[in-house]
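Okay, let's get going. Have a look at what's on the screen, and I'll walk you through a few spots.

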Amino acid sequence: SKVRGLMRKACIEAIYPKKRLSIPNKEHKVYPYLLRGVKIDRANKVWATDITYIRMERGFVYLVAIIDHFSRYILSWKISNTLDVGFCREALNEAIEKCGVPEYFNTDQGSQFTSREFIGILKKYKIKISMDGRGRAMDNIFIERFWRSLKYEEVYLKYYVNVIDCKNNLKNYFQKYNNLRLHQSLDYLTPREVYSGMRKAG
């Protein structure tokens with residue numbers, strides 16, 4: 001609606017219950033949180049992922065992204081109109097194919113990430129599996145911060161007409177975020193520069 005469009009331009013969001021995307025499956029194994037006390041001192045030490053949703057003119061799509069904790073670099077992302085594990089699996093396979101294998105991989109306890117298909121990939125590459133504690137969003141703070149940046153710098157300022165429009169705009173944002181956006185916490189380098197090794201650990 002026109003009102004919703006004006007609210008987005010003003011960076012105002014209505015307060016109402018959000019979609020619950022991370023729904024556990026009681027039959028799936030849940031893994032412990034492993035990152036407490038871990039020093040993240042290099043790229044590809046810890047990757048993390050999460051799902052959010054993006055509103056369009058009619059309906060919405062789900063977005064999954066995989067982030068490298070050390071550099072804040074977005075390794076891969078996919079959108080889908082369902083919460084099936086398929087698009088999460090595709091994002092993980094693409095990240096591994098492009099960027100190698102991390103030591104740790106952190107997720108929430110959502111059924112997509114505890115599924116046999118997703119866990120199977122992590123086990124295949126002997127990646128240490130870490131999962132947030134129930135109700136502990138801070139355990140996955142870097143992807144949560146990224147969602148906030150994405151929503152306020154891109155999504156709330158746009159009015160996506162359809163899936164193609166949404167995908168094209170998100171693609172542009174991810175490219176700018178990875179390659180052009182300077183981060184104070186990264187010594188004013190871009191995520192790509194840090195991921196590529198321009199900032200040393202320490």
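Let's start at Q109, which counts as buried at 13% relative accessibility, where buried means under 20% relative accessible area, exposed is over 50% and partly exposed is in between, with a 1.4 Å probe and protein chains only. Before I go on: this is a predicted model, so local features need pLDDT of at least 70 and side-chain atom pairs count only at pLDDT 80 or more, while totals for chains, interfaces and linings use all residues. Residues are numbered from 1 along each chain as its sequence is written, and side-chain values use heavy atoms, with hydrogens and water left out.

Back to Q109. You'll find Q109 in the loop between β4 and α3 (111-114); helices here are DSSP runs of H or I with at least four residues, strands are runs of E with at least two, and both are numbered from the N terminus. A polar atom of the Q109 side chain lies 2.9 Å from the backbone oxygen of D132. That's a polar contact: a pair of N or O atoms within 3.5 Å, where within protein one must be able to donate a hydrogen and the other to accept it, and residues adjacent in sequence count only if both atoms are side-chain atoms.

Now, the rings. How many aromatic pairs does a search of the whole structure find? It finds 13, counting rings of Phe, Tyr and Trp (its six-membered ring) with centres within 6.5 Å; planes under 30 degrees apart are stacked, over 60 edge-to-face, and the rest tilted. Take F105 and F118: their ring centres are 5.8 Å apart and their planes sit at 65°, so that pair is edge-to-face. F105 belongs to strand β4 (residues 104-107) and F118 to helix α4 (residues 116-124), so the pair ties together parts 13 residues apart in sequence. F105 is buried, at 0% relative accessible area, and F118 is buried too, at 1%.

Y152 and Y156 make another edge-to-face pair, 5.0 Å centre to centre with 85° between the planes. Here Y152 is partly exposed at 33% relative accessibility, whereas Y156 is buried at 11%.

There's also one aromatic cluster, formed by W77, F146, W147, Y173, F174 and Y177.

Last stop, S80, in strand β3 (residues 74-80). S80 is buried, with a relative accessible area of 15%, and its side chain reaches the backbone oxygen of T82 at 2.9 Å.
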